[in-house]
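Here is a short tour of a structure, with a few stops along the way. Please keep the 3D view open as you read.

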Amino acid sequence: MKEDPGYYDYWPYENRPRIQWPNGAKIAFWVAPNIEFYELNPPNNPYRKPWPQPNPALPGYTSRDWGNRVGHIRQMNLLEKYGIRGSISLSTALCDHHPEIIELCKERHWEFFSHGIYNTRYTYGMTESQERDMIKDSIETIYKHTGQKCAGYLAPALSHSENTLDLFAEVGTELFGDEAGYYSCDLFHDDQPTPIHLKSGKKFVSIPYSLEMNDTIAYLVQKTTPRRYGKELMDNFDRLYAEGAESGTIMCIPTHNYQVSNAHRIKAYEEALEYITGHPDVWVTTGKEIAQYFMDNYYDTVLADIETKNKKYGNA
Amino acid sequence: MATLDNDYLKYPERSYGMDHDRYEWAMLHDRKPITWPNEKKIALWVNVSLQFFPINQQGIPFKVPGGMTKPYPDLRHYSLRDYGNRVGVYRFFKALDQFNITPTFAINTRLAERYPYLLGTVKERGNEILCHGYHMDKLHYGGQDIIEEQELVKRSLDTLRELSGQDIKGWISPAKNESENTPDILAANGITYFSDWVNDDMPYEFKTKNGNLTAMPLATELDDFFIILNNLHSAEDWAHQVEDAFEFLLKETETNGGRLLSLNIHPWVLGQPHRIKYLEQVLEKLSNHNAVWSASASDILDVWKAQK
């Protein structure tokens with residue numbers, strides 16, 4: 001075990017090079033619906049219990065199932081209304097269980113990225129080769145069902161190993177060269193993209209995927225009221241939009257159909273989407289497009305700035 | 001770090017549909033629209049849960065949410081729950097009648113045994129009674145001995161049917177928790193609908209070894225206990241959430257047919273003096289709206305069954 005995962009260097013949030021998003025946008029805005037499958041009777045993992053009750057654990061399972069049966073269409077209609085293509089964090093087994101949902105998203109040109117196989121199968125305890133197999137399975141499944149070469153990764157249930165980012169990048173390269181496996185949603189250290197150090201030296205970035213704006217964190221952990229959550233989304237946007245004039249920022253709303261699409265919550269969410277997309281200098285986009293744009297235009301500039309800043313007062 | 005067996009990467013249920021055979025996978029959006037009587041848009045099911053939390057809680061296999069949390073004798077939680085059955089529920093009766101709402105009552109059988117006056121009052125009102133299990137500390141759970149559970153269900157239903165004089169058809173397990181056998185046992189004991197699976201907004205067919213049940217949605221997410229005591233929101237916030245849900249569902253009926261708004265409420269939560277006003281406000285708003293059909297679960301299900 002290490003005291004620091006070693007993925008990125010310190011990069012102070014002042015005097016950064018100016019990032020400008022396409023058409024002079026100040027903020028890149030993306031919505032990442034997690035479309036997940038939780039199992040009714042998942043196998044045990046010694047490091048994390050899938051459900052608090054003995055199987056069949058109805059309270060958790062049935063609420064997630066609600067997200068697929070009822071919630072998905074509601075959020076999809078809403079995103080469509082505001083011209084937002086979802087960037088799906090996908091439990092890839094859902095391609096097998098619920099192909100109808102995959103088709104609906106494909107028709108709308110949404111992005112699919114890997115969120116493992118099931119959200120009830122954790123990385124904890126996997127050997128390197130097991131984790132590699134699991135990641136490979138997920139990327140291959142996305143390709144088979146959608147034709148997309150998976151660019152991004154969010155570890156299933158945010159369960160990681162020390163190898164997670166390296167393995168994702170390596171498997172992406174093995175399958176599709178530089179066209180897959182180049183961004184991560186697993187790090188929450190910044191409001192702008194960050195070049196990531198990997199063992200392979202592959203060009204790879206962290207794209208901000210906000211846990212703070214994540215509906216499940218808001219509703220299940222913070223136990224926020226829906227109207228308050230809508231307000232927080234707008235407050236988050238206001239600040240990042242203002243700061244984006246100096247250097248382009250990113251706002252992500254990670255969602256879950258079983259949370260945000262509930263009838264008592266979706267109105268507050270809609271108000272926030274209407275507010276955000278109603279501003280002029282917003283690039284409404286996907287995770288993959290942000291990663292590509294950053295890598296094509298700012299990756300090297302940012303690396304140089306990080307190096308300069310770290311030399312200013314001497315290296316640690 | 002202990003490593004995992006390779007079976008952890010095998011997925012025996014990874015195929016079309018659900019990972020079990022209890023019901024068909026079907027998105028609500030793809031189902032046939034339902035029309036409620038008199039062109040109403042929203043069927044309103046108000047279910048009052050009448051519960052008994054014994055103070056000698058065993059907590060098998062877990063402490064029921066809302067139950068005792070302190071060392072025995074936990075007078076504070078016991079008596080605060082009992083408040084609902086002595087005081088809060090009588091506030092509920094008045095509010096329901098004032099706004100002409102037709103409720104159902106989901107009753108723990110043990111409560112019906114202990115408080116004949118309360119049961120008698122509910123019987124006299126003529127509202128439908130559902131069985132809410134024996135009491136809140138008699139959980140149905142994975143791995144439970146099947147004979148034990150069969151006896152528990154039979155005792156809960158036989159006794160409640162006898163005491164209530166009603167042919168009880170509906171069931172809600174304590175904590176909406178079940179064993180792998182619960183639906184089969186319920187169907188074998190004359191239950192026709194149950195509300196433990198919160199995975200839909202409309203009723204659907206649920207398979208058991210002893211014939212089909214209907215799963216009747218009763219939203220946990222709008223439950224007063226969940227919002228006020230689990231999420232720690234105010235009663236006013238609960239009212240806002242119900243209002244927002246109602247408005248959204250009403251809008252959805254413009255393109256999707258009738259919808260169901262289900263409210264599960266507890267006299268020990270919303271029956272408190274500082275909270276009852278918000279229940280009254282919600283009931284007033286809903287009852288004044290001409291799109292709302294307030295009905296019992298069975299009446300709603302009859303309409304659904306005739307059209308499904």
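This is a predicted model: local features need pLDDT of at least 70, side-chain atom pairs count only at pLDDT 80 or more; totals for chains, interfaces and linings use all residues.

Let's look at B:Leu261 in more detail. Leaving aside residues up to four places away in sequence, B:Leu261 touches B:Ile42, B:Ala43, B:Leu44, B:Trp45, B:Leu222, B:Val242, B:Ala245, B:Phe246, B:Leu249 and B:Leu286.

## Cysteines

How many disulfides does the structure hold over all chains? The count is 0. A:Cys95 is in no disulfide, and the nearest cysteine sulfur, in A:Cys105, is 9.8 Å away. A:Cys95 is also buried, at 2% relative accessible area.

A:Cys252 is likewise worth a look. The closest cysteine sulfur to that of A:Cys252 belongs to A:Cys185 and is 6.9 Å away, so it is too far for a bond. With a relative accessibility of 2%, A:Cys252 counts as buried.

## The second largest pocket

The second largest pocket has a volume of about 510 Å³. Its lining comprises 21 residues, and A:His160, A:Ser161, A:Glu162, A:Asn163 and A:Thr164 lie nearest the centre.

Two helices of chain A, H4 (128–146) and H5 (164–176), each supply at least two residues of this lining. By class, the lining has 8 nonpolar, 7 polar and 6 charged residues.

Notes: Residues are numbered from 1 along each chain as its sequence is written. Chains are lettered from A and ligands numbered from 1 in the order in which they are written. Side-chain values use heavy atoms; hydrogens and water are left out. On a 1 Å grid over the protein atoms alone, a cavity is a set of points where a 1.4 Å probe fits but cannot get out, and a pocket is an open set with protein on both sides within 12 Å along at least five of seven lines; lining residues have an atom within 4 Å of a point. Grid points are joined across faces, edges and corners, and a volume is the space filled by probe spheres set on the points. Helices (H or I, at least four residues) and strands (E, at least two) are DSSP runs, numbered from the N terminus. Ala, Val, Leu, Ile, Met, Phe, Trp, Tyr, Cys and Pro count as nonpolar, Asp, Glu, Lys and Arg as charged, and the others, Gly among them, as polar. A disulfide is a pair of cysteine sulfur atoms within 2.5 Å. Buried means under 20% relative accessible area, exposed over 50%, partly exposed in between (1.4 Å probe, protein chains only). Contact means heavy atoms within 4.5 Å.
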